[in-house]
Amino acid sequence: MNTSLIFNDYKFEFGASQQEFDFKIFSGIRDYNAKIDLNWFPNILHNVKFGGNYIYHRFTPTNAYARSGDVVFDLGEVTRFYAHDAALYLNDEWDVTEKFRVNAGVRASYFAHVGPFSRYVEDPSFPGKFLDTIDYAQGRKVADYLNAEPRFSMRYELNKSSSVKASFTQNYQYIHIASFGSVSLPTDVWVPSTDKVKPQFGTQYSLGYFKNLKDNMYETSVEVYYKEMKNQIDYEEGATPDGDVRNNPDNNFVFGKGWSYGAEFFVKKSMGKLNGWIGYTLSYTKRKFPDLNQGREFSAKYDRRHDASLVVVYDHNKKWTFGLTWVYATGDALTLPAERYFMSAGPPVNIDQNGQVGVNNNFYILSGFDKRNDYRQKAFHRLDISATLRSQKQRNYETEWVFAVYNFYGRQNPYFIYFDVQGNSQDGNQQVQAKQVSLFSVIPSVTYNFKF
Amino acid sequence: MKKYLILILASVAMMSSCEKNIELDLPPIDQKVVVEGYVENGLPPYVILSKTEPYFDPIGQNTINNLPVRGAMVYISDGIDTVQLTELDTSINGVSLGGFYVALDSITFLPTMIGTPGTTYSLNIITAAGEQLSSIAKLPMPIPLDSTWFKVQEDLDSLGWAWARLSDPDTLGNAYRWFAKRLNKDDFFIAPLGSIFEDRFINGRSFNFPYNRGSIQNSEAEEDNNEEADYYKKGDTIVVKFCTIDFATYEFWRDAENQVSSNGSPFAVPSNVKSNITGGRGIFATYTASFDTIIAN
């Protein structure tokens with residue numbers, strides 16, 4: 001039996017002030033967690049695990065404070081979400097025959113969003129205008145969900161060196177993250193399932209074939225999978241962080257579905273002086289939301305068509321070990337503007353109170369977007385190498401020098417792309433240049449490890 | 001249990017990021033019609049029609065002049081009368097006004113309609129190519145500023161911002177836009193970035209607020225690139241054009257200013273500027289202006 005009590009507290013605060021302006025945003029998550037896990041062996045063929053856990057969550061999604069001059073903006077009460085999150089599980093690992101093992105289980109999960117809570121009711125024809133708020137007292141239920149999550153997996157040994165595995169899993173996720181831009185930022189918002197946000201529901205199927213070669217010197221495998229995800233969340237088009245202030249963040253969410261499928265190939269050599277592994281995954285991850293991308297399907301940000309890695313370790317002798325790691329991944333999917341258009345930054349014809357006429361020739365270049373995540377950043381790849389020198393083992397300590405080079409061939413991997421508007425409309429030489437920013441070029445390092 | 005002591009003795013980490021120009025290969029686009037429609041109090045409504053272009057096409061000297069959509073039929077209705085706007089094809093200060101349609105009589109050049117606060121206007125456009133666009137916007141009632149003044153910024157002896165006091169009415173949904181020009185220095189009213197605001201967080205309050213001096217984007221003028229940038233200066237006569245705008249005009253400029261100030265940054269949300277035009281891009285904007293003059297001393 002294993003019992004634990006856990007307390008987690010995460011806080012984030014960001015502020016800025018400049019002369020007449022002051023600004024602060026803060027967010028956080030606090031969890032009280034208790035869990036118990038038990039084991040039961042009814043006989044030699046069964047290993048039954050069961051247990052439960054309970055978490056009390058307190059979410060503080062993005063809240064803000066702002067002041068300009070002597071005005072402190074009325075940003076409403078600090079909004080928080082409180083939730084009970086409980087689960088019971090039972091799992092049996094059953095050796096049906098010597099060659100056939102089944103792992104079957106079920107998890108019952110219960111999630112309740114409770115007060116204190118204020119639901120802002122927005123006027124559908126006038127976003128930003130609230131008709132009403134519905135207040136829930138402390139501990140009062142706002143919404144709750146009870147679900148069963150079955151899981152099943154099996155392994156069948158075809159012979160001494162090969163086997164097949166298959167699995168089926170369903171699960172519910174009650175905690176969600178939503179982000180605004182294409183880069184993760186502290187303005188990403190964690191929210192629980194509420195009356196508006198239904199739990200995310202995933203179903204996954206996988207099938208694999210595993211074979212060892214040359215007296216287990218090589219392990220190889222091929223696996224295929226398919227995953228379906230319902231009740232995915234995202235911000236509605238055009239949402240900005242200030243839309244979450246004096247509002248419930250989930251009022252700005254839209255909902256859709258996702259699916260993902262792919263195949264993984266893996267070869268590993270684990271004996272001899274030279275060992276390591278090669279892995280390759282081909283995958284597709286798609287999303288479809290009625291209210292995003294005009295209802296058309298689109299690639300998820302992390303839709304990685306190709307993902308490969310190579311790890312090689314060479315034990316030259318007792319003193320020296322050499323290592324090499326190479327990784328490759330398809331670039332992130334990105335939304336880029338398709339069109340540009342010019343707008344006069346104010347009424348072009350200016351007439352002041354004395355009747356003096358002027359022409360506004362300050363023009364802004366605006367962007368028009370069409371397909372979501374339709375552009376790919378350049379592929380990410382990188383080679384790291386290392387050489388490790390071990391000292392002779394002393395009685396109570398040993399030491400190790402590691403000489404390494406990160407990104408050996410200095411690949412400029414894309415971190416993000418931005419556009420630079422150069423020139424101005426008055427001189428008629430305005431233009432847009434795309435720029436790619438990369439972090440970390442070649443980084444050599446020397447590390448000294450001392451174990452005692 | 002083993003304990004570990006790890007010392008990173010030397011690491012030549014080139015933490016500085018590096019940056020390079022890249023060419024992006026984007027698919028062809030369907031050009032859309034861009035509407036800039038204006039109804040201002042006391043002025044005849046006018047509309048400028050142009051087209052969108054592929055994002056990275058080079059911008060030549062004449063690009064702005066080449067985009068106008070000519071030969072469209074443009075109608076504005078105030079609920080009682082409907083007028084067809086007259087197309088003018090001239091240029092002022094080298095800026096082509098092709099694709100410029102105004103509510104003036106084509107012979108007498110007298111206004112056929114005048115913007116009146118409290119009126120809802122509808123716009124209907126049929127281009128020569130047969131595209132149809134429409135929009136509706138209300139010209140709001142004026143909400144003038146209570147007072148305006150200049151204040152030197154703390155330790156700067158002659159530079160400062162324009163300040164104003166506003167009493168926001170106790171009804172939600174009021175939105176504002178600030179323009180200003182310096183007499184004999186600026187040719188037109190300039191909106192600084194952040195020129196728009198609404199009353200969601202300040203509803204029904206009276207408060208003071210400052211505005212910096214706006215400049216045209218990427219201005220090369222000396223005063224926009226030295227310590228005077230963003231500031232007004234003692235001796236300036238500042239004319240403030242303070243406008244109440246309808247909520248759609250607010251939303252358009254909120255998103256447009258976000259796009260302009262984030263310049264395609266990855267931290268910005270890649271989304272379209274919210275538009276009240278059905279069938280194209282742009283805005284049918286309404287501005288009810290009140291004017292104030294500040295003498296900076």
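**Notes on the predicted model**

1. The buried residues of H2(B) are Phe247(B), Ala248(B), Thr249(B), Tyr250(B), Glu251(B), Phe252(B), Trp253(B), Arg254(B), Ala256(B) and Gln259(B). A residue is called buried if 20 or more other C-beta atoms lie within 10 Å of its own, exposed if 12 or fewer do, and partly exposed in between, with C-beta atoms placed from the backbone. Helix H2 of chain B covers residues 247-262, 16 residues in total. From its first C-alpha to its last, H2(B) reaches 22 Å, close to the 22 Å expected at 1.5 Å a residue; the expected span is 1.5 Å times one less than the number of residues.

2. On conventions, this is a predicted model, in which local features need pLDDT of at least 70 and side-chain atom pairs count only at pLDDT 80 or more, while totals for chains, interfaces and linings use all residues. Residues are numbered from 1 along each chain as its sequence is written, and chains are lettered from A and ligands numbered from 1 in the order in which they are written.

3. Chain A contains zero helices and 30 strands, whereas chain B has two helices and 21 strands. Helices (H or I, at least four residues) and strands (E, at least two) are DSSP runs, numbered from the N terminus. Buried residues account for 20% of the 452 residues in chain A and for 37% of the 297 residues in chain B.

4. Along the principal axes, the C-alpha atoms of chain A fill a box of roughly 95 × 55 × 50 Å.

5. Among contacts between residues at least 6 apart in sequence, 60% in chain A join residues at least 24 apart; the corresponding value in chain B is 65%. Two residues are in contact if their C-beta atoms, placed from the backbone, lie within 7 Å.

6. In chain A, strand S18 (residues 306-315) pairs with two strands treated here. With strand S16 (residues 274-288) the pairing is antiparallel over nine bridges, and Gly276(A) has Val312(A) as its bridge partner in S18(A). Nine bridges also join S18(A) to strand S19 (residues 320-329), again antiparallel, with Val311(A) opposite Thr325(A). S18(A) and S19(A) form a hairpin with four residues between them. Strands are said to pair if DSSP finds at least two bridges between them.

7. Thr330(A) lies in the loop between S19 and strand S20 (333-334) of chain A. Thr330(A) counts as partly exposed because it has 19 C-beta neighbours inside 10 Å. Beyond its neighbours within four places in sequence, Thr330(A) is in contact with Arg304(A), Arg305(A), His306(A), Arg376(A) and Ala379(A). Thr330(A) and Tyr302(A) are 28 residues apart in sequence and 9.0 Å apart in space, C-alpha to C-alpha.

8. One open sheet includes strands of both chains: its three strands have the order S28(A)-S29(A)-S2(B), with antiparallel pairing. Strand S28 (416-422) of chain A and strand S2 (18-22) of chain B stand at the edges, each with a single partner strand, so one side of each is left without a neighbour in the sheet. Strand S29 (residues 431-438) of chain A pairs with S2(B) over five bridges, and Lys435(A) has Asn21(B) as its bridge partner.

9. Chain B has an open sheet of four strands in the order S7-S6-S12-S13, with antiparallel pairing. Its edge strands, S7 (82-84) and S13 (132-138), each pair on one side only. Strand S12 (residues 120-126) and S13(B) are joined by seven bridges; Ser122(B) is partnered by Ile136(B).

10. The largest nonpolar core has 74 residues, and those with the most contacts inside it include Val35(B), Leu85(B) and Ala180(B). Such a core is a set of buried Ala, Val, Leu, Ile, Met, Phe, Trp, Tyr and Cys residues joined through C-beta atoms within 7 Å. Apart from this core lies another, of 15 residues, among them Phe59(A), Ala178(A), Val191(A) and Phe253(A).
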